[in-house]
Amino acid sequence: NCGEIGDCDFIVTADPDSEITESWELNNQSSINKKVALYPHQPGWPKQVIAFTEPAIGNLDNAGSVEIVYAGLDSVYVFNPSGNPVLGWPQYFKGVSGLVLGDIIGDNTLEVIAVSPESIKVFDYQGDTLPGWPVQIPYYNNYYRIKGLPALGVISGIANGYREIVVPIVHEFSGTPPPLRNLKVLVYGHNGTLVYEFN
């Protein structure tokens with residue numbers, strides 16, 4: 001019931017008369033339990049966003065409260081808990097498709113590592129682009145695109161307090177893709193240099 005807080009039962013019945021032949025008839029007897037959580041409206045929220053990406057939550061400046069970071073409509077946004085944009089944000093990034101947070105330069109603050117299909121950009125907590133960034137991925141003109149989110153870690157073993165950025169890229173064929181698509185994994189240093197490349 002809308003407007004009421006409490007337990008809700010949502011019942012969805014598919015093929016109740018078993019008119020459709022299935023490979024496993026017990027499908028009709030399967031069920032799943034889900035919880036619905038309702039939160040009180042907070043001043044400054046909700047925010048209308050365009051394009052859907054996964055938000056990230058972290059204490060960017062390592063002081064005070066956490067911030068909410070969101071990528072959408074060619075920009076990266078950072079909101080404080082009250083829903084107000086943090087000073088220095090949003091920042092323009094054409095085609096941004098996702099982001100992760102992590103301390104890649106070892107300064108005890110979180111950087112925002114954002115990707116588009118063709119490039120990677122790294123911002124500090126104030127919205128400034130770090131030296132060496134953005135970088136356009138190699139092979140972009142040969143139809144390779146970044147797919148998914150980057151991962152962070154010490155890949156080389158000699159990072160000296162820095163973390164490296166790992167991104168998967170995939171070759172996008174025109175028309176119907178063949179069963180096996182060419183995949184590469186790229187590893188970038190904290191300063192935007194390409195450290196490793198795996199097929």
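**Close-up views of the predicted model**

**View 1. Largest nonpolar core.** Of the 17 residues in the largest nonpolar core, those touching the most other members are Ile113, Ile120, Val122, Trp133, Ile165, Val167 and Tyr188. Two or more residues each come from strands S6 (111-115), S7 (119-123), S9 (144-146), S11 (164-171) and S12 (183-188), and S11 gives the most, with three residues. A nonpolar core is a set of buried Ala, Val, Leu, Ile, Met, Phe, Trp, Tyr and Cys residues joined through side-chain atoms within 4.5 Å; buried means under 20% relative accessible area, exposed over 50%, and partly exposed in between (1.4 Å probe, protein chains only). Strands are DSSP runs (E, at least two residues) numbered from the N terminus. This is a predicted model, in which local features need pLDDT of at least 70 and side-chain atom pairs count only at pLDDT 80 or more, while totals for chains, interfaces and linings use all residues. Residues are numbered from 1 along each chain as its sequence is written, and side-chain values use heavy atoms, with hydrogens and water left out.

**View 2. Surroundings of Ile165.** Beyond its neighbours within four places in sequence, Ile165 is in contact (heavy atoms within 4.5 Å) with Ile104, Ile113, Val122, Trp133, Pro150, Ala151, Leu152, Leu186, Val187 and Tyr188.

**View 3. Second core.** A separate core of 14 residues includes Val76, Val78, Val96 and Leu99.

**View 4. Arg145 in strand S9.** Arg145 lies in strand S9 and counts as buried, at 17% relative accessibility. Leaving aside neighbours within four places in sequence, the contacts of Arg145 are Pro117, Ile137, Tyr140, Pro168, Ile169, Val170 and Glu172.

Definitions and conventions
Helices (H or I, at least four residues) and strands (E, at least two) are DSSP runs, numbered from the N terminus.
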